[in-house]
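Student: Hi! Could you walk me through a few backbone and helix details here?

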Amino acid sequence: MRSLDYEDIRAFMLVVERRSITGAARHLNLSKSVVSKRISDLERDVGNQLLLRSTRGAVPTDAGLTFYDAALDSTRRLDAAVEAISERTHTVSGELRIAAPVSLTQLWLGDVMASFAAAHPDLRLAVELDDRIANIEAERFDVAIRVARLPDSALIARRVGVSRRVLVCSPEYIRKHGAPASLDDVMNHRCLCYSNAAISQTWSFRAAATDITKPRTLSPRGVFTSNNGDLLRDAAVRRLGIAVLPTFVVAQDLGAKRLVRILPDEHPVDDIIYAVYPRTPYTASKLRAFIDHIRVALINPPWDALVAANAPSKAA
């Protein structure tokens, strides 16, 4: 048996992770025929069928799963060796694969990530934006940025910031429908809701400091739902209803008066911004450096300063 080709192995691993030759080809910027040939070459060299192909995609055979696990373990060992060498020379190098939410990254974290990349020219950053909860280990991400209330207990979750939320609508909506007079009154209004998680269907508000009761929760029936905060913000600007949205999504709209806060004395429960990564015997220096960089950038979030500057007065 001739020695295995690394590019063939890499193509195979990507097909398994994306369950598609097309998806792997797109990631590698190659044609499907080239990726298919690499898989066939690898199967010939291994002497076993590694993939079951169909019009619906590609899944590994039992032999393929065994080979994938071994290849993944070898890849991680090589990464660890590179990390050890890099630490001796005090450089951050290699590749860091990051999964991040769309709105937070496009509005604010993109520049933070770019500054990190500029500070570490020997490091390759691969950032994928998606609001879904990625399977970090199966898709071989080094870290995911998540905005949530509870971390995934199967992974390590390091708190890097706080995502405050506010109740907003457009001035035109208030002129047409009036503003809710209380939380109870919110249920009589048109509501815009997240649809990507069950917890998003509940609007939770902090109890007053003198109140020992649990947070107040509402379960509005959304007239417009989406799994993306930017789209919900656009719907609110378009006078479709009221929404509870992260301040990082609406800060600029509040500053431009396209949206206004309503019931400003009622405070939605904060979400937490986590850096989530797999449990491994080691934490790579590039990962530690990236998480520290994000944490420092979010100590005083710039979007919260915008919201505070445009907070309504008590008399408003």
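Tutor: Happy to! R19 sits in the loop between α1 (6-18) and α2 (21-28); helices are DSSP runs of H or I with at least four residues, strands are runs of E with at least two, and both are numbered from the N terminus. This is a predicted model, where local features need pLDDT of at least 70, side-chain atom pairs count only at pLDDT 80 or more, and totals for chains, interfaces and linings use all residues. Residues are numbered from 1 along each chain as its sequence is written, and side-chain values use heavy atoms, leaving out hydrogens and water.

Student: What's the phi of R19?

Tutor: Near 55 degrees, a positive value in a residue other than glycine. Most residues other than glycine have a negative phi.

Student: Is R19 buried or exposed?

Tutor: R19 is exposed, at 53% relative accessible area (buried is under 20%, exposed over 50%, partly exposed in between, with a 1.4 Å probe and protein chains only).

Student: And where does R239 lie?

Tutor: In the loop between α8 (229-237) and β12 (242-246). R239 also has a positive phi, about 70 degrees, without being a glycine, and it is partly exposed at 47%.

Student: Switching topic: which residues of α8 and α9 meet?

Tutor: G229, D230, R233 and V237 in α8 meet V249, V250 and D253 in α9, with contact meaning heavy atoms within 4.5 Å.
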